[in-house]
Amino acid sequence: MAHELHDTAQAIVADHRGILAADESTGTIKKRFDAIGLESTEENRRQYRQLLFTAPEMEESIGGVIMYDETIRQAADDGTPFADVLASKGVVPGIKVDTGAQDQAGFPGEKITEGLDGLRGRLEEYRKLGARFAKWRAVITIGEGIPSVGCIRANAHALARYAALCQEAGIVPIVEPEVLMDADNTIERCFDVTSRTLKWTFHELLVQRVDLRGALLKPNMVISGKGCPEQAPASRIAELTVECFLTHVPAAIPGIVFLSGGQSEVEATENLNAISQVGGPWPLSFSYGRALQQSALAAWNGEAANVESAQAVFAHRARMNALAAAGEWSAEVEEQVAV
Ligand code: 13P
């Protein structure tokens with residue numbers, strides 16, 4: 001079992017491939033569809049996920065896809081379950097298993113992620129449905145006097161309990177302690193908060209006997225808050241991100257897959273590229289939601305006639321990020337092969 005977990009974790013990020021986060025909850029995907037004026041019906045959601053999962057050549061850049069509960073139960077037009085569609089292309093099927101971040105009692109302005117109750121049974125079912133990895137997202141908010149150690153530790157503990165249950169079920173846990181990027185803090189403050197968050201996260205993972213070689217880390221980059229008047233350049237983001245991770249992330253982790261957190265598509269690619277060029281002992285890659293889908297969703301616009309061109313847009317974005325994971329992306333490459 002341990003070997004299977006190690007192999008799966010390594011396979012997802014092999015050859016600089018990354019992860020497509022297509023696990024938007026029904027509420028979140030509605031917001032995305034609203035932006036293109038499309039009604040969020042179960043069938044429209046199925047059509048959209050089918051477009052992404054069947055995009056030609058996406059498997060050259062994408063090693064894993066995170067699905068939502070509804071999606072892993074859906075199938076392509078020909079009746080093939082989505083998990084099988086992905087697995088047959090060599091893409092590992094994954095599933096979001098947390099049930100969302102709620103207000104943390106006693107900690108105004110802070111969140112605790114829920115979903116541990118009954119998780120063992122749900123993981124068993126998801127594995128039967130084809131899932132071989134999972135995701136749990138903790139949310140850490142930067143603000144006046146926050147994050148508190150009470151919030152960081154409660155979330156780290158939940159992440160570790162989740163990760164242990166995943167490994168028991170033969171599922172690779174993606175551990176996602178996300179420090180939000182949308183406040184007005186400096187990059188140095190993000191460095192400090194990310195450092196404290198990672199410190200407690202790995203402490204709890206080790207206390208809960210999680211096998212680090214069978215898990216992946218999905219963190220934020222160390223970056224200036226969106227509202228900060230001084231935006232650090234990619235070179236500084238890369239320097240501080242790698243310094244933070246060298247201090248707090250054991251080399252046993254088989255991959256670090258960054259979230260995009262609301263960066264634009266090209267920003268997320270450029271920053272990953274800069275981070276990969278500095279590099280560390282772990283494979284560095286991406287697990288992007290918005291930064292992989294934004295243009296593709298706009299290109300589709302809910303119309304069957306646009307499926308092929310939207311798939312090309314998605315495959316291009318995925319390829320740019322795989323190049324960035326190798327540290328081989330440049331603005332020129334982006335231009336040359338633009339679709
Ligand atoms: P973004 O890349 O849009 O931040 O989404 C990734 C994700 O899965 C957050 O949990």
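The model is predicted: local features need pLDDT of at least 70, side-chain atom pairs count only at pLDDT 80 or more, and totals for chains, interfaces and linings use all residues. Residues are numbered from 1 along each chain as its sequence is written, and side-chain values use heavy atoms, with hydrogens and water left out. Helices (DSSP runs of H or I, at least four residues) and strands (DSSP runs of E, at least two) are numbered from the N terminus.

**Cysteines**

- The structure holds 0 disulfides, a disulfide being a pair of cysteine sulfur atoms within 2.5 Å.
- Cys190 is in no disulfide, and the nearest cysteine sulfur, that of Cys244, is 7.9 Å away.
- For Cys228, the closest cysteine sulfur is in Cys190, at 11 Å, which is too far for a bond.
- Relative accessible area sorts residues into buried (under 20%), exposed (over 50%) and partly exposed (in between), using a 1.4 Å probe and protein chains only.
- Cys190 is buried at 2%, and Cys228 is buried at 8%.

**Salt bridges**

- A salt bridge is counted when a side-chain nitrogen of Lys or Arg is within 4 Å of a carboxyl oxygen of Asp or Glu. By this rule there are 22 salt bridges.
- Lys89 and Glu59 form a salt bridge, with 3.5 Å from N to O. Lys89 lies in the loop between α5 (82–88) and β3 (92–96), and Glu59 in the loop between α3 (42–53) and β2 (62–67), so the pair ties together parts that are 30 residues apart in sequence. Glu59 is partly exposed, at 25% relative accessibility.
- Arg73 and Asp69 form a salt bridge at 2.9 Å, N to O. Arg73 is partly exposed, with a relative accessible area of 44%, and Asp69 is partly exposed at 26%.
- Asp192 and Arg196 form a salt bridge at 3.8 Å, N to O. These two residues are 4 apart in helix α8 (residues 187–207), separated by about one helical turn. An α-helix has 3.6 residues a turn, so residues three or four places apart point the same way. Asp192 is partly exposed at 36%, and Arg196 is partly exposed at 27%.
- A network of salt bridges links Asp23, Lys96, Lys135, Arg137, Glu176 and Glu178.

**Helix α7**

- Helix α7 (residues 149–168) has 20 residues and reaches 28 Å from its first C-alpha to its last, close to the 28 Å expected at 1.5 Å a residue. The expected span is 1.5 Å times one less than the number of residues.
- The buried residues of α7 include Cys151, Ile152, Leu159, Tyr162 and Cys166.
- Gly170 follows α7 and has a positive phi, near 75°.

**Largest pocket**

- A pocket is an open set of points, on a 1 Å grid over the protein atoms alone, where a 1.4 Å probe fits, with protein on both sides within 12 Å along at least five of seven lines.
- The largest pocket has a volume of about 710 Å³, the volume being the space filled by probe spheres set on the points, which are joined across faces, edges and corners.
- The largest pocket is lined by 29 residues, of which Thr28, Arg32, Lys135, Arg137 and Arg290 lie nearest its centre; lining residues have an atom within 4 Å of a point.
- The elements giving two or more residues to this lining are α2 (26–35), β6 and β7.
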